[in-house]
Amino acid sequence: MSTSYASQSQLVREDCRFLKQTPPKVHNQRLTIQHWQLRDLITCPETSEEFIYVNQNAVNCYNTRTQLTTALMKELTFQPTSLTAACGYLAAGGQRNQLMVRQMNSNWFAHTSVGGSINNALCISEHLGGTRLLISNNDETIKVYSLPGLQRLTSIQLPTAVNYTSVSPDGRKMVAVGDSNQVFLYDISVAAGYQKIGTYTATTEASFSCAWNQSSDKFAVASQDGYVSVWDIRSSEKLCKLGSKQQPQSKGATRCVKFTTSGSIDLLVYSEHVSYVNLVDARTFNERQVVRVAPPNNDEHISGIALSPDSDVCFVGLEHTVLEYSVDTEFTCTLIYPPSGIRPQPCAGSPMESNYIRFTALSGAKSESALCYLLEIDEAKILLDCGWNDAFDVEDLKQLKRIAKDVDACLLSHSTLHHLGALAYAKTHLGLRAQTYATFPVMDMGRLSLYDIWQSKRASEDFTTFNLEDIDQAFEAITCLRYQQPTELSGKCKGITITASSAGHTVGGTIWKISKDTESILYAVDYNHRKDKHLDATVLLQSDGSAPQEFQRPSLMITDAFNSEQLTQPTRLSRDRALLESTMATLNIGGSVLLPTDSSTRVLELAYMFDSYWMANRVRYPLILLTNFSYRTAHFATSMMEWMGDTVRSQLTDTRENPFQFKYLRLCQRLSDLDKYPGPKVILASNLSMETGFAREVFLKMGWSQDPKNTLILTERALPGELARYLYDEWKEGVGNLASKDVGNEVRLDSVLRLKVDRKVLLEGQELAVFLADQEARLEREHADALLMEQTRRTLQGEEDDSDDDEGSMDGDANHLVDIDMLLSKTGSHDVYMKDATKSGGFFKQTQSYRMFPYVERRKKIDDYGESIVVEHFLSASSTAPQQDGREGRNGPGGDMDANGDVRMRGDDDDDDAATGAPKNESGDGKDKWTDTDMIHPEDNLPSKYASAVEDIVVKCKVRYVDLEGRADESAMKTILQAIAPRKLILVHGTENKTKSLYDKYLELSDMTREIYTPSVGEVLNVSEVTNMYKINLTDALLSSLSFSTLGEYDLAYLVGQVQIPPGSAAPVLGMPTIEAEGANKKQGPMGDVGGQHPSGQGQEQDAPASTSALQLLIQQQQMQQQQLEMLAREHRPVFVGDVKLTEFKDRVLKQAGIEAEFMSEGVLVCNGVVAIRKVDQTGQILLEGSPMSRDYYQVRQLLYKQFAIL
């Protein structure tokens, strides 16, 4: 163990191995050092097989595989003192401000003098879409140039000569060091450019190198006195200080510092003036490997270090050779991805990383695809949504497949396919075993969404990706929550609390708050700031424009950029008017209106609005909801009133009528049902994308699109590539540029679409004959198998009449065959395996009980009382009666099997069951929880097949888009984000342009966080937060003595105690010190003697005085500590914790207490005319003024005190 790194009591292990235990490769390439302090003359920008270095007045590239040297810059007029290569450019600087820049993939180059003095260092970085070159000059400036134009953009003045500048990988921060011990931190933005946000002190001497880690949250500075200082940008305190091997000697000066740039490795590497290179675990900074790069007895100057982009190789430049070391990536990967039970530990004495938080976008990043994200908090892995689109391409789930088995919890935010469409498939095929959490409506409506899309898929193609049993198993395992119900997770998620809040987009739609310790993470996607007709607005924004206290200042917020380019939505009144005017205008000219929608979420808004309008205006045209589960959707809506908005709840209270018991809306579940409603009509049909479902069938297969009288109204935007999105784009092109609050008119289409049309067609001719022959052969095989089984059963039972039956006549054999036919027709008979018709496992599911083979249980002929058992007496009438419709029978309690082997739903009516001879379920009411009426049709029994063809579809109808998506616009998103004020922000679910646009606009806001991330799919973000927080255990005695006050989600208390570290434990304990803790045990030894004397009595006269003196000294020290603690407790003045908004205090608290309050001049709140309350703007202090003789004074003061936690 070595303490050469010692800083703030930090100990660093040196027995670690970050490099492979193989000798380094030696490349005989000479590097030239031009300045004794500037040692960054080698770089590796593109591949681990090449490095670029300085040799005299040239810059060369050496390929380690081919061993060829290529001159990139030759015969320069200066010998470079600085070198860098990045973003496709190579730059070299000289002692007399010379500069040479070359573009690596072209012949472009530029040579100039930048003015000033020596160019100490160069830095090339991406800057908000462009490339910039930063030159650290000895004239106390950083000169900023554009590339490739090499135009000077600005010059940053510093109070000292600038030795090195480094820009963070995300392009948002810059750090600079120079000939003083100061470190300068800058923020980079579009609006403010380079703005200094902090100045730190490194050590006592000048610094010559600095670098950022790969996640852009830590930077390191190498100094002349042999130390490397590390900061975390989230804390102004130094994270740690690392020493060199030869410190404090001058040859131990740290010259060059680098971080690995690969996502799987996190190392800090720095070189000393001569001979040594240090590698440190950049996660904990308490493990290092020291490598001597020079021969044992000779020192060699180090000209620089370079790490390959994949971090597999570390090049160390000496004056005459370059050494190539191989990094042990497998070992190092375990540092950044710790196995179970291992967690990064903070350096002692430094602010601890309270929770290790990472975010990975599995889908729905920089695109409008389905939402699926992985959030890691320490060891816990939480899946945020599990979405898919109705193409159900398994390739879209490759990122989810990689981590599905390791997920510990899954949170669902909405009941649409884009939020939970992959849940059933992931549970069945990807190994997702995590406990899933959702609200009750999300569970029920989400199941309906998947049922509907499954039925739609089966109606047009042989869909086998998942089945109804997969859906049931996935959704039956969901844990349902209510709004504002904190729920503690278990297992690896222990200590994490989740809370659901209303999003306002769909019924039961959720904004998730995930809390652990002092960390709080807000996952808010697809929320609505406006009140819908059936839903209230999101809880993120209150009426006064502020956010609720529990949502303010979260550590991290994850939100979407889907609506970022829609600055302000048209008013809801204008959108409703446009929708209804287009609808009625179309109906009045004899046309029909088609509105593609989902099957269970936003369709409720449309159905409620249209039914209310039809009822208010006595509209005579048919209004139809056409989905596979329209009856169930309406039924569930009537039972979810507590999840609806104030409008529908008030209607229920006032009229005693459920608004979702529709008066005019006709519920249809088959395309043929539309024949009942000839003429003009309005059809709300699933699905939204128009790639499958009734909306597509109506549009394509009924000549609907060819009628110029008809109108297609889109209320939501589908995904790119889908039919509904194509029609939306056609409308958008037709209306041109719209004002921000303009709804847009109808656009008449006149085009021909070439589309692939899938359909289910009846078998005819030879195909039908082959099918019928196969079916007849199958029935014959089943009869033969049943006969064989019956003979085997009789043989094993050993019945006496078996021989008579076997020796009987042909009549007996014929009767035997008749018995077999009867057995096949009975519900109670079984083949190789038995389907237990009395047990229901859900929708289209059945519990199957398999017989053991070859054992056959002998059937008793008499019961325990001697009575003969006649099986026929125990069979129900339905099982003995022959089936009237000639069908094969039920496929369990959930559905029928048609001629194609497809499962069909059975009806809700008892009459239907009686007519079809179907058995009833366990409850005896003939109804199943997940079945709907009018779903059994004779055509399903007809032999059919799936066919696909490319057809030309003539489109001459009108199309119009009316925004009823129920999402917040860009203006509302900004308002909500500013009110919440998250410390970090992640933008997802929006096209790359939308995400970039929103990112730029948020950076322009002065009160918005600078830490905004826009990850790509598969990119891992480390968003851990470093806080000045330390964990300590409280003794039971101290804990029981505390008096807690509640403030929001926290319980606060003031305490005075003493920190102790128990023997054998490294965990500190805070307790109440007691005087007799040590003294009582030492006063009396084992035999009752003072000072623990030996029983033999030896040494009593010598040891007793010394022991007594030490004991008295110990008691005095403890008494002094106790007195100090008691004095601190007595001197403690009450502290008011919390913040009170006077407007909220007036409207919510004073009004409820019956106190009249009004704001007077300068924001003074006057209560009952005798008490005044005002807040000091600068300090936030609240002043209460009034007469102590007034009763109102004490009442108002008491109410005011209750708004704080008083410690």
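Trainee: Is helix H18 (residues 970-980) mostly covered or mostly uncovered?

Mentor: Mostly covered: eight of the eleven residues of H18 are buried. Buried means under 20% relative accessible area, exposed over 50%, and partly exposed in between, with a 1.4 Å probe and protein chains only. Helices (H or I, at least four residues) and strands (E, at least two) are DSSP runs, numbered from the N terminus. This is a predicted model, where local features need pLDDT of at least 70 and side-chain atom pairs count only at pLDDT 80 or more, while totals for chains, interfaces and linings use all residues. Residues are numbered from 1 along each chain as its sequence is written, and side-chain values use heavy atoms, with hydrogens and water left out.

Trainee: Which residues of H18 are buried?

Mentor: They are Glu-970, Ala-972, Met-973, Lys-974, Ile-976, Leu-977, Ala-979 and Ile-980.

Trainee: And what covers them?

Mentor: The cover includes strands E39 (519-524), E40 (556-560) and E54 (985-988), along with helix H19 (992-1003). Just after H18, Ala-981 has a positive phi of about 55°.

Trainee: New topic. Where is Pro-570?

Mentor: Pro-570 is in the loop between E40 and H7. Its relative accessible area is 6%, so Pro-570 counts as buried.

Trainee: Which residues does Pro-570 touch?

Mentor: Leaving out residues up to four places away in sequence, Pro-570 touches Arg-530, Arg-575, Ser-740, Lys-741, Asp-742 and Val-743. Contact means heavy atoms within 4.5 Å.

Trainee: At what angle do H7 and H8 pack?

Mentor: Helix H7 (residues 572-588) and helix H8 (residues 603-617) pack at about 65°, and their axes are 12 Å apart. Axes are lines fitted to C-alpha atoms, for helices over the stretch in contact, and angles run from 0 to 180 degrees between N-to-C directions.

Trainee: Which residues make that contact?

Mentor: From H7 they are Arg-572, Asp-576, Leu-579, Leu-580, Thr-583, Met-584 and Leu-587, and from H8 they are Glu-605, Leu-606, Met-609, Phe-610, Tyr-613 and Trp-614.

Trainee: On to rings. How many aromatic pairs are there in the whole structure?

Mentor: A search finds 26 aromatic pairs. Rings of Phe, Tyr and Trp (its six-membered ring) pair if their centres lie within 6.5 Å; planes under 30 degrees apart count as stacked, over 60 as edge-to-face and the rest as tilted.

Trainee: Why is the pair of Phe-463 and Phe-466 called edge-to-face?

Mentor: Because the planes of the two rings are at 90°, with the centres 5.2 Å apart. Both Phe-463 and Phe-466 are buried. Ring pairs also link Phe-463 and Phe-466 with Trp-388, Phe-392 and Tyr-425 into a cluster.

Trainee: What about Tyr-608 and Phe-660, how far apart are their centres?

Mentor: The centres are 5.8 Å apart and the planes 35°, and the pair is tilted. Tyr-608 is in helix H8, while Phe-660 is in the loop between helix H10 (646-655) and strand E43 (665-668), 52 residues apart. Both residues, Tyr-608 and Phe-660, are buried.

Trainee: Last one: which ring does Arg-967 lie over?

Mentor: Arg-967 lies over the face of Phe-562, at 4.5 Å from the ring centre. A charge sits over a ring if NZ of Lys or CZ of Arg is within 6 Å of the ring centre and within 35 degrees of the ring normal.
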